[in-house]
Amino acid sequence: MSGLADVVVVGGGIAGSSLATVLARDGYQVVVLERQTSYRDKVRGEALACWGVAELLQLDLEKPLLDAGGCYATRAVAYDEVIDPTQAEAVAAPLDQILRSVPGVLVVGHPEACEALTQAAAAAGATVVRGVGDVDIQPGDAPMVRYEHDDVLHELRCRLVVAADGRMSTVRRQLGIELHQTTPRTIAGGMLVDDLRSWPARQLSIGTEGDLLYFVFPRANGRARLYLLHDIAQKGRFTGPDRQAKFQSAFGFRCIPGSEMFGAARPAGPCAFYPMNDSWTDQPFAPGVVLIGDAAGWNDPIIGQGLAIALRDARIVTDVVRSGSDWSAAAFAGYGEERRERMRRLQVAARVITDIVATFTPAGAARRRAYNAVWQTDPVLGGPRLAPQVGPENVPADSFTQSTIDRILALA
Ligand SMILES: Cc1cc2nc3c(=O)[nH]c(=O)nc-3n(C[C@H](O)[C@H](O)[C@H](O)COP(=O)(O)OP(=O)(O)OC[C@H]3O[C@@H](n4cnc5c(N)ncnc54)[C@H](O)[C@@H]3O)c2cc1C
């Protein structure tokens, strides 16, 4: 069967469904091709950083995520082995005051968010096809997309293909766009839990104790996403049939008051671990095709930027599409340049933050204590710590130079 569209979006995740909703609202004929028939918990991004919330508001997509159960964390408490818990609470970061008009960090389930955004795209007029296979792209001035659905082969001619098909992007591979990757230094895993009723609903926490870094991202009604991160050398630490129990028991941190609550919580999803690294593409576009979100390269999730990156990509690409009739590869050059610098800065931030929070030695703890004492008063040294919330473009460029990195790493 064959058809026509203005834009074909491959991948109905965060990036693809956001972009599809915005363009469909503008009246473009948009088709979203999604491989899954329903979204499942793959232990993925669920905390949208403040600068990502600003993007969400600009795209007018906050409502679907709030309706999907998203809620704002307004306070970050860094319970950590280097600080007394009472002191950690006294210096909690007010997440609702980081950026004007941004109510905090938005915490939302990843499958729920994908479902809500896909439904928003359909409600805005996009055609959403779930359960597609064998997507094949022919790039060019009038690109062609072939795919299989319900054992029938389909062909769509369009003006632009948006590849939003995630980390393992088949479109990226078909176009021969090289993906550069850094070597993982850490492994992170997470699990959704219920019955965490005594945890303050609007408080997220991140900190280090012993040989683990932890994250607590709470949602409504006693549900929370918990993450643990350890050195790559400990690969396999949380494997086996009792991995959930091992995971929960490891959460009994002395630095978190009442941490026995984590052991008593009820698992509400899989417990999965992934190596953490950065990746990038030199040019996330080709004639008739543009890559967005993880498909174009991802940031190390240790600083939780993937959702914000996906939304910024969606916004910039929709701006190009809306701004005129030139959808040629040259029209996306500005997007490529902005993304390159954005990802470079975030890569530096992730590297520095990994050194600060995931060097599991006494010297690492001493450096963390020393960095905690300076990052809020020195805007350059504080850049790698601030960029993940205020946005990488909103901190001094000097924060990302080798000499700044050296100064931070020399702290003791
Ligand atoms: C452990 C971990 C924790 C993370 N935590 C955070 C966090 O707290 N905050 C944050 O901001 N980010 C976090 N991230 C990153 C975040 O999850 C991703 O960056 C974000 O989901 C990227 O969105 P996307 O739309 O590009 O890709 P995805 O959300 O992966 O969506 C891609 C979509 O494409 C579909 N697809 C794939 N192949 C095809 C195909 N061939 N045809 C059709 N459809 C296809 C998939 O089914 C999927 O629906 C985390 C990542 C990991 C691994």
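Student: Which hand does the crossing of α2 and α9 have, left or right?
Tutor: We're looking at a predicted model, where local features need pLDDT of at least 70, side-chain atom pairs count only at pLDDT 80 or more, and totals for chains, interfaces and linings use all residues. Helices (DSSP runs of H or I, at least four residues) and strands (runs of E, at least two) are numbered from the N terminus. A crossing is left-handed if the near helix is turned anticlockwise from the far one by less than a right angle, and right-handed if clockwise. For α2 and α9, the crossing is left-handed.

Student: How far apart are the axes of α2 and α9?
Tutor: Residues are numbered from 1 along each chain as its sequence is written, and α2 covers residues 50–58. The two helices pack at an angle of about 35 degrees (0 to 180 between N-to-C directions, with axes fitted to C-alpha atoms over the stretch in contact). Their axes are separated by 8 Å.

Student: Which residues of α9 make the contact with α2?
Tutor: Contact means C-beta atoms, placed from the backbone, within 7 Å. On the α2 side you'll find W51, G52, E55, L56 and Q58. Facing them from α9 are L307, A308, L311, R312 and R315.

Student: How many charged residues does the contact of α2 with α9 have?
Tutor: Sort by class: Ala, Val, Leu, Ile, Met, Phe, Trp, Tyr, Cys and Pro are nonpolar, Asp, Glu, Lys and Arg charged, the others, Gly among them, polar. This contact has five nonpolar and two polar residues. The charged ones number three.

Student: Which element gives the most to the shell around the ligand?
Tutor: There are 38 residues around the ligand (C-beta, placed from the backbone, within 6 Å), and G11, G13, G45, G293 and G306 come nearest. At least two shell residues each come from α1 (14–25), β3 (30–34), β4 (47–48), β15 (186–194) and α9 (306–323). With four residues, the top contributor is α9.

Student: How many nonpolar residues are in the shell around the ligand?
Tutor: At least three shell residues come from each of domain 1 (2–66 + 108–181 + 278–341) and domain 2 (74–101 + 183–276), with bounds from an automatic or database assignment. By class, 13 are polar and six are charged. The nonpolar count is 19.

Student: Which helix gives the most to the side of domain 1 that touches domain 2?
Tutor: The C-alpha centres of these two domains are 30 Å apart. Their contact takes 17 residues from domain 2 and eleven from domain 1. On the domain 1 side, four residues come from the leading helix, α2.

Methods
Two residues are in contact if their C-beta atoms, placed from the backbone, lie within 7 Å.
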